[in-house]
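Walk through this model from its overall make-up down to single contacts. Keep the structure open as you read.

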Amino acid sequence: MVHKIDKARSTRRHSDDDLMEDAEAVNLAADWADISQGLRKDLGHQLHSQWIKPIQVGSIDEDTGTLDLFLPTEFSANWVKDRFHDRLQLAWKIARSEVRKVRIQVHPGRRQLPELRLDDGRRPANDGASAIAVAAGTIGDAGFTSSVGLDPSLTFAAFITGEANVLACNAAQRMAATEQPQFSPLYLKAATGQGKTHLLHAIGHAFLQAHPRARIFYCSAERFMVEFVQALKANQMIEFKARLRSFDLLLVDDIQFIIGKASAQEELLYTIDALLAEGKRLVFAADRAPQALDGVEPRLLSRLSMGLVADIQAADIELRKKILESKLQRFAPLSVPDDVIDFLARTITRNVRELVGGLNKLIAYAQLTGQEVSLQLAEEQLTDILSANRRRITIDEIQRTVCQFYRIDRSEMSSKRRARAVVRPRQVAMYLSKVLTPRSYPEIGRKFGGRDHSTVIHAVRLIEDLRQRDADMDGDVRSLLRQLES
C-alpha cells in the first residue's frame with residue numbers, strides 16, 4: 001500500500017515537473033517569436049529567413065543563466081555566432097532577466113545520432129537505414145521543413161507571363177500542383193535576370209500551399225557545395241545524405257556552379273536518383289542548357305535533362321511593358337506617363353531585373369526630390385543603365401530585316417512603286433525606324449528614296465492604327481521588333 005502511494009506521489013511529481021517544463025517551453029517560444037520578429041525588421045526578410053528563422057530555442061541552465069540556441073549545421077551555427085551573437089544575447093537579456101549568456105551551437109541530433117531501439121529494446125537489423133531515418137527525423141525537427149529562404153514576394157501571382165516565359169511558367173505551376181507531374185526533374189534555363197529564380201520561389205510557395213506538411217529545401221548550388229564540404233569535414237555525411245533525401249521538393253538554383261566538383265556531383269546524382277525513385281519533385285535552374293554545362297559528369301547531365309527543360313527567352317517589348325505596369329501598382333497613386341513606360345521598355349532590354357531596377361530608381365528620385373516623373377527625368381537619371389542597354393539599331397538594318405520578312409527586294413524600300421505588296425512593308429519599315437532609332441522624320445524620309453517627312457508621318461500613324469485593328473499586322477510588327485531587338 002505504501003509502495004503504491006509513493007509511486008502515485010512520484011508519478012504526480014513527474015507530471016508536475018513535465019507541466020512546468022512545458023510552460024517554460026511555451027514562454028521561451030513566445031519570447032523567441034517577439035525577438036525573431038524584431039530581428040526580421042532589422043535584418044530584412046532574406047537574412048532572417050536564411051539564418052535566424054532556422055534557430056531552435058533550447059533550455060536555460062538555472063545555475064549559469066545560459067540559454068542554448070541550436071542550428072542544424074556547423075556552418076550555419078558558426079555564421080550566426082560570428083555575426084549575430086551579441087545582438088541575440090542582448091535581445092534575450094532584455095526579454096528574460098534570468099538569461100545572462102547565449103550559447104549558439106549545432107543541434108545535438110546533428111552531431112551524434114541516438115541509438116535506435118525497438119519497443120522491446122532490441123536494435124533494428126539494418127543500422128545504416130535506421131540511422132538515416134533518425135537523422136531525417138532530427139533534421140526535420142530542426143527547422144528544415146518550412147519555406148526557409150523563400151521570398152514571400154516571389155509568387156506565381158506576381159509573375160508576369162508573355163510569349164517568352166509562358167511555357168516555363170506553366171511547367172512550374174504543374175510541378176507545384178497537388179497531382180503528381182508527368183515530368184521530373186524540371187530544368188529552368190534562362191539568362192541572368194529573366195525570372196528563373198522567381199519561378200523557383202513561386203514553386204516552393206505553391207507547393208507548400210498545396211501540401212502544408214511537405215518538406216522542401218531551396219538552395220543555390222554554391223550553398224549545396226558549402227554544406228557538402230562542411231559535412232565531409234565534420235564526418236557528418238550520413239546526416240547530410242539523410243537531410244537531402246528526406247525532402248519532398250528540392251529546389252536548386254544556379255546549378256552551373258557545381259561544375260568540376262566531382263564528389264559533390266556524385267552526391268547530387270545519388271540524391272536525384274533516390275528522390276525520383278520515391279516520386280519526389282526536383283527543380284533546377286541555370287543560365288545554360290544541361291548539354292552546355294562543361295565539366296559535368298555525363299550521368300548527371302542525363303538526369304538533369306531527363307525531365308523537362310523549359311527555356312525562358314528574353315522578354316520582348318510587350319512583356320517588358322506588362323512587367324512595368326504591374327510594378328506601378330506598388331506606387332499608386334503616383335502617375336507615370338505612358339511615354340516613360342514605353343521609353344523604359346524599349347531602352348532597357350538586357351534583363352527584367354535591370355528594367356525593374358531602373359523604374360524603382362526613377363520613382364525613388366522623383367519622390368525624394370518632389371519632381372514629376374517625365375521622359376526628360378528618365379533620360380537624365382538613368383544614363384548609366386540606358387548607356388549599358390542601348391544597342392544602336394540602324395535604318396539600314398531595319399530595311400534589311402523587313403525585306404527578308406516580307407520577301408521583297410531591298411531596292412523596294414527606295415522605289416516609287418505603289419503596289420500594296422511593296423507599300424505596306426515600306427510603311428512598316430518607316431514605322432520601325434521612328435520607334436527604334438532617334439532619327440527625325442526628314443532623316444527617315446531621305447533613307448527611303450528621298451521621301452517627304454509628311455509621307456513618313458502618314459506611314460507611322462497608319463501602322464499604329466493598323467496595329468490596333470488588325471491582329472495580323474500587330475503580329476508582324478511584334479515579330480519584327482523581337483528580331484531587331486534580340
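How many helices and strands does the chain have? The chain has 21 helices and 8 strands. Helices (H or I, at least four residues) and strands (E, at least two) are DSSP runs, numbered from the N terminus. The model is predicted: local features need pLDDT of at least 70, side-chain atom pairs count only at pLDDT 80 or more, and totals for chains, interfaces and linings use all residues. Residues are numbered from 1 along each chain as its sequence is written, and side-chain values use heavy atoms, with hydrogens and water left out.

Of the 486 residues in the chain, 47% are buried. Buried means under 20% relative accessible area, exposed over 50%, and partly exposed in between, with a 1.4 Å probe and protein chains only. Take the contacts in the chain with a separation of 6 or more: residues 24 or more positions apart account for 72% of them. Contact means heavy atoms within 4.5 Å.

Start with the sheet. An open sheet of 3 strands has the order β1-β2-β3, and its pairing is mixed. β1 (56-61) and β3 (101-106) stand at the edges with a single partner strand each, so one side of each has no neighbour in the sheet. From one strand to the next, the twist averages 25°. Two strands pair if DSSP finds at least two bridges between them. Strands of a sheet pair through backbone hydrogen bonds, either parallel or antiparallel.

β1 and β2 run antiparallel, joined by 4 bridges. V57 has L69 in β2 as its bridge partner. The hairpin of β1 and β2 has 4 residues between the strands, and G65 takes a positive phi near 70°. β2 (residues 66-71) pairs with β3 in the parallel sense, over 6 bridges. There, D68 has R103 in β3 as its bridge partner.

What lies across these strands? Helix α3 (residues 74-95) lies across β1, β2 and β3, and runs at about 165° to β3. Axes are lines fitted to C-alpha atoms, for helices over the stretch in contact, and angles run from 0 to 180 degrees between N-to-C directions.

Now look at I35, in helix α1 (residues 2-43). I35 is buried, with a relative accessible area of 9%. Leaving aside its neighbours within four places in sequence, I35 is in contact with A91, W92 and A95. I35 and A95 are 60 residues apart in sequence, yet 8.0 Å apart in space, C-alpha to C-alpha.

Move on to helix α7 (residues 196-210). Of its 15 residues, 11 are buried, so α7 is largely enclosed by the rest of the structure. Among them are H198, H201, H205 and F207. The buried residues of α7 pack against α6 (166-176) and several strands, including β4 (186-190) and β8 (308-312).

Helices also pack on helices. α13 and α14 (residues 352-369) pack at an angle of about 145°, with their axes 10 Å apart. V340, L344 and A345 in α13 meet L355, L359 and L362 in α14.

Finish at helix α21 (residues 471-485). At its start, a side-chain oxygen of D470 reaches to within 2.9 Å of the backbone nitrogen of D472. Buried residues of α21 include M473, V477, L481 and L484. The buried residues of α21 pack against helices that include α13 (338-347) and α20 (453-469).

Definitions and conventions: Polar contact = N/O pair within 3.5 Å; in protein donor to acceptor, adjacent residues only side chain to side chain.
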